[in-house]
Amino acid sequence: MAPKAAAIYARISSDPDGLAAGVTRQIEDCRAFAERRCWPVADVYVDNDTSAYSGKRRPEYARMLDDLSAGTRDAVIVYHLDRLHRRPSELEDFLDLCDRTGIRALACVTGEIDLGTHDGRFHARILGAVARKESDDKSRRLTRKHLELAQAGKVSGGGTRPFGYAKDRLTVIPDEAVVIKEMAERLLAGDSLRSIAANLNDRDVPTVTGREWTTHSVRQLLYSARISGQREHHSEIVGKASWPAIVKPAQTTRIRALLNDPERRTNRVARKYLLA
């Protein structure tokens, strides 16, 4: 029996530009598949720029599961099974849900899977295991690549540029470099992170994102080895970087020792004394 209210699920792990081109193509192919099969599409669920390997919550996937559990959706269409799951444990949870709700229609544009048969489920589990292995291999390659870049002192990553440097992450911005030097000198002279942040905000010194400075953002900037022209990996300094320093490496050493000092903690619970 043909489904009455199918769900289309689309996902892509990385979309740094926010263009959603990948998920748009998936949806188009899934709609074309549904039209050929005469499956009415009730809703489209999209998790863009969201990994299925990390195990973090996928909001639209969770919403789709709720609708499947409620019985308002009776089929799922995806471009490929690895768009739905990359963790075998998640697949098993999904199969359990299908058993509870009587859902038997899971269609992949690249090949339909019949969850109502043992062979169909066996096929789904094989594809799930293959997807997990591909994710593990990719993670291992990326980890090795990032270590290699760090050891060579090269730039890696994207997103918001670091304060003090241009978008290429190599060119120093003179005006911001002056601010960084001042912040480092003030901290080493005994000023608190809170007072430094407040002073910058009073002077309308903008952060990279245009937000106000906070104790956390000041600490994060001054603790970074980047500002002293050093490369770090997993918070450990591994060598000299390919970009110029703004402060001296010796200053970074002193700043890190200062910020790591447990006596600087400001969130300690006040000591209590008997009969006080």
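I began with Asp43, which at 23% relative accessibility counts as partly exposed in this predicted model, because the cut-off for buried is under 20%. I then looked up the salt-bridge partner of Asp43 and found Arg73, with the closest N and O atoms 3.9 Å apart. The two belong to distant parts of the chain, 30 residues apart, with Asp43 in strand β2 (residues 41–47) and Arg73 in the loop between α2 (59–70) and β3. Arg73 itself is buried, with a relative accessible area of 14%.

Next I went through other salt bridges, of which the count comes to 11. In one of them the side chains of Arg58 and Glu90 meet at 2.7 Å, N to O. Arg58 lies in the loop between β2 and α2 and Glu90 in helix α4 (residues 88–101), so this pair ties together parts that are 32 residues apart in sequence. I checked the cover of both partners: Arg58 is buried at a relative accessible area of 2%, and Glu90 is buried as well, at 17%. I also recorded a salt bridge between the side chains of Asp82 and Arg83, at 3.0 Å from N to O, where both residues are buried.

I turned to the cysteines and asked how many disulfides there are by the distance rule. The count comes to 0. For Cys30, which is in no disulfide, the nearest cysteine sulfur is that of Cys108, 8.6 Å away. Is Cys30 buried or exposed? Cys30 counts as buried, at 0% relative accessibility, whereas Cys38 counts as exposed, at 63%.

Last, I took an overall view of the protein chain, which holds 9 helices and 7 strands. Of its 276 residues, 39% count as buried, and the accessible surface comes to about 16300 Å², with 52% of it belonging to carbon and sulfur atoms. Among the contacts with a separation of 6 or more, 61% are accounted for by residues 24 or more positions apart.

Key:
Residues are numbered from 1 along each chain as its sequence is written. This is a predicted model: local features need pLDDT of at least 70, side-chain atom pairs count only at pLDDT 80 or more; totals for chains, interfaces and linings use all residues. Side-chain values use heavy atoms; hydrogens and water are left out. Helices (H or I, at least four residues) and strands (E, at least two) are DSSP runs, numbered from the N terminus. Buried means under 20% relative accessible area, exposed over 50%, partly exposed in between (1.4 Å probe, protein chains only). Contact means heavy atoms within 4.5 Å. Accessible areas come from the Shrake-Rupley method with a 1.4 Å probe; for residues, only the protein chains shown count as cover. A disulfide is a pair of cysteine sulfur atoms within 2.5 Å. A salt bridge is a side-chain nitrogen of Lys or Arg within 4 Å of a carboxyl oxygen of Asp or Glu.
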